[in-house]
Amino acid sequence: MQTQQRALTSLEVDKLKDKIKDIRIAMLTTQESDGDFHTRPMATHEIEPDGTMWFFTYENSNKVSELRQNDRVALGFSDPGSEVYVSTSGYAEVVKDKAKVDQLWSDFLKTWFPNGKDDPDIALLKVTTHAGEYWDRPGGKMVKLFEMAKGAITGDSDKSGRNEKFGDEPQ
């Protein structure tokens with residue numbers, strides 16, 4: 001189902017990785033067969049140099065069924081404490097690769113996969129990112145508080161936040 005998209009540039013991937021490096025959980029959105037969207041938390045396990053992200057799942061999960069119907073996904077990352085918010089778009093594929101499972105496995109995953117990394121139903125989601133957007137505020141909460149106080153006194157709006165898009169928009 002994928003249409004050809006340009007790959008993220010190395011600068012865009014570096015910016016993406018920098019923005020989400022401290023955000024462990026992403027919100028993955030897929031589309032159900034009736035057209036509704038389904039969003040759930042997923043732990044990010046690796047971001048490759050080209051922006052590809054890896055997640056663990058069960059092969060018989062609803063998300064895998066949804067991805068087999070429509071491989072387009074969105075990922076949302078949020079760190080309110082540091083005022084960083086990131087949204088990405090891409091394509092997901094289900095990967096059954098024991099070597100990659102072994103490479104990415106950590107014991108904290110036993111909480112969700114109690115049968116361990118040798119469970120035959122474990123699969124990986126490989127998300128290829130083609131676009132995204134971020135919002136942040138350099139300086140975090142202190143700058144926000146200062147800008148709020150300044151705005152209350154002067155009536156000026158807060159201009160300390162940044163917003164930037166990267167990648168390709170779908171055709």
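Contact here means heavy atoms within 4.5 Å. The model is predicted, so local features need pLDDT of at least 70 and side-chain atom pairs count only at pLDDT 80 or more, while totals for chains, interfaces and linings use all residues. Residues are numbered from 1 along each chain as its sequence is written, and side-chain values use heavy atoms, with hydrogens and water left out.

**Phe55.** Select phenylalanine 55 first. Leaving aside neighbours within four places in sequence, Phe55 is in contact with Ala26, Met42, Ala43, Thr44, His45, Leu75, Ala123, Leu124, Leu125 and Val127.

**Thr44.** Next, select threonine 44, in the loop between strand E2 (37–43) and strand E3 (46–47). Helices (H or I, at least four residues) and strands (E, at least two) are DSSP runs, numbered from the N terminus. Why does threonine 44 count as buried? Its relative accessibility is 10%, and buried means under 20% relative accessible area, exposed over 50%, partly exposed in between (1.4 Å probe, protein chains only). Not counting residues up to four places away in sequence, threonine 44 touches Arg24, Ala26, Met53, Trp54, Phe55 and Phe77.

**The cores.** A nonpolar core is a set of buried Ala, Val, Leu, Ile, Met, Phe, Trp, Tyr and Cys residues joined through side-chain atoms within 4.5 Å. Select Met53, Phe55, Leu75 and Phe77: these have the most contacts inside the largest nonpolar core, which has 23 residues. Among the elements that give two or more residues to this core are helix H1 (10–20), helix H2 (62–69) and strand E7 (122–136). Then pick Trp54, Val95, Leu104 and Trp105, which are included in a second, separate core of 10 residues.

**Helix H1.** Color Glu12, Val13, Leu16, Lys19 and Ile20, which are buried in H1. They lie on the same side of H1 because they cover an arc of only 130° around the axis, taken from the directions from the helix axis to the C-beta atoms. Ser10 and Leu11, on the other side of H1, are exposed.

**The largest pocket.** Which residues are the closest to the centre of the largest pocket? Select Pro41, Met42, Ala43, Phe56 and Trp112, out of the 13 residues that line the pocket. E2 and E4 are the elements that give two or more residues to the lining. A pocket is an open set of points on a 1 Å grid over the protein atoms alone, where a 1.4 Å probe fits, with protein on both sides within 12 Å along at least five of seven lines; lining residues have an atom within 4 Å of a point.

**Whole chain.** Finally, show everything: 4 helices and 8 strands.
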